[in-house]
Amino acid sequence: MKKFFYFVFTSCLGFILANVVIFGFMLFIFGAAAGSMGGGGQKVAVKKKSVLKLDFSKPIPEHSNNIPMSPLSLDLEAAKTTGLYDMVRSLEMAKDDNKIEGIYMDLSGLSVGNATASVLRDALVDFKDSGKFIYAYSDGYTQGAYYMASVADSIFMNPVGNMDFRGYATSIPFFKDMLDRAGVKMQIYYAGKFKSATEPFRLTEMSEQNKLQVREYLGGLYDVFLQDISEARNIPKERLHEIADGYLVRKPEDAVKFGFVDQLAYRDEMIDLLRTSTDTDEDKGVNTISMDSYATNLKKKYGGDRVAVVFAEGNIVDGEGEAGSIGGKKYAKLIRKVRKEDKTKAIVIRVNSGGGSAFASEEIWREIELAKEAGIPVITSMGDVAASGGYYIA
């Protein structure tokens, strides 16, 4: 019996000690992550003849470091992500920075929404006024990546890469027949004929209202897409329509033939071009600086009167929420705090959300109403999506 209690005691003690060690390790990890996410990090020196490299392999949040982080992730660098707002400010800074010779965009991993792409592209158009070069390169161009690349002075693609240019489309799967056969009856609540998110569960095809709204927004996006590329590449809009409808760009050589790409090149050839463009010696490497590093040099500017910018990004959830989400309680307190500050003369709410909790949306909506009643102008700026609860607070 003594041995039994001995083994029980030692097992419990071992379990407790193991949990203490794990808990301490997790505290260390989260502490380091929090430190890396606060204040933008230490400033990184910019060398002369530098090229600002835009690598789009990571997601671009609206606000820096505002991305969900897995509690099991040990990659602290993944938490350091320059947001759209700071990227635009960084491009404005690079425009007048005499140490920055130009911009090199690697678009191989680009995956952003139309609004994000449009904001970045406008900032790059503004950068070009400096007379500095912008080069774009990719192993292959999706339509979104090419839209961004079209602003560049010169566009390059891998000789065995591919380019997708065939217009906009959408497809929606419908599940009602399957659910009927399985004997499943969905309990669906929706308001209005244009609230189409639940159609796949209650219809067997798109309603006329949904066809109308999808046609309208896709047509509008496609028109802007073609117009901007037409102006940047000096290709008539009608000709772009013909190329897309005929799916004429099928090989890398076709991209050059139709004026989409200036040159097919391997990455080592791109490095040689950057070396030449920056007048860097052949035996030296090109000075490149990433956007994350360059953004550490941004300065905070506060005047007397202020416009408060509230970034409402991610799913709308009850309570405080976490990074990459919109906690109703947290955001209500934030807007209330801003509203009560005498220096606040206006509030801009940047919404990038597909919605979520109706209760949390109502909490945020109420504080916005109180700000308006206090005489503070409230302006909404919509990001890639502002749907359901996201549009409700907008």
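Colleague: Is K49 buried, exposed or partly exposed?
Modeller: This is a predicted model, where local features need pLDDT of at least 70 and side-chain atom pairs count only at pLDDT 80 or more, while totals for chains, interfaces and linings use all residues. Residues are numbered from 1 along each chain as its sequence is written, and side-chain values use heavy atoms, with hydrogens and water left out. Buried means under 20% relative accessible area, exposed means over 50%, and partly exposed is in between (1.4 Å probe, protein chains only). K49 has a relative accessibility of 36%, so K49 counts as partly exposed.

Colleague: Where does K49 lie?
Modeller: K49 has a positive phi of about 60°, although K49 is not a glycine. Helices (H or I, at least four residues) and strands (E, at least two) are DSSP runs, numbered from the N terminus. K49 sits between a helix and a strand, in the loop between α1 (2–37) and β1 (50–55).

Colleague: What is the phi of S388?
Modeller: S388 lies in the loop between β11 and α14 (389–393). With a relative accessible area of 40%, S388 is partly exposed. S388 is a residue other than glycine, yet its phi is positive, near 50°.

Colleague: How many residues does the largest nonpolar core have?
Modeller: In soluble globular proteins, nonpolar side chains tend to be buried together. A nonpolar core is a set of buried Ala, Val, Leu, Ile, Met, Phe, Trp, Tyr and Cys residues joined through side-chain atoms within 4.5 Å. The residues with the most contacts inside the largest core are L52, M105, L107, Y141, F165 and F260, and the number of residues in this core is 50.

Colleague: How many residues are in the other core, apart from the largest one?
Modeller: V310, V338, I368 and A386 are among its members. This core lies apart from the largest one, and its residue count is 18.

Colleague: Which strands stand at the edges of the open sheet?
Modeller: Three strands form this sheet in the order β7-β10-β11, with parallel pairing. β7 (306–313) and β11 (378–386) each have a single partner strand, so one side of each is left without a neighbour in the sheet. Two strands pair if DSSP finds at least two bridges between them, and the edge strands are β7 and β11.

Colleague: What is the bridge partner of F311 in β10?
Modeller: β7 and β10 (residues 344–353) pair in the parallel sense over eight bridges. For F311, the partner in β10 is R350.

Colleague: Which residues of α8 are exposed?
Modeller: The buried residues of α8 (residues 237–245) are K237, L240, I243 and A244. They fall within an arc of 115° seen down the axis, so they line one face of the helix. What covers these buried residues includes α7 (208–233). On the other side of α8, the exposed residues are E238 and D245.

Note on methods. Arc of directions from axis to C-beta. Contact = heavy atoms within 4.5 Å.
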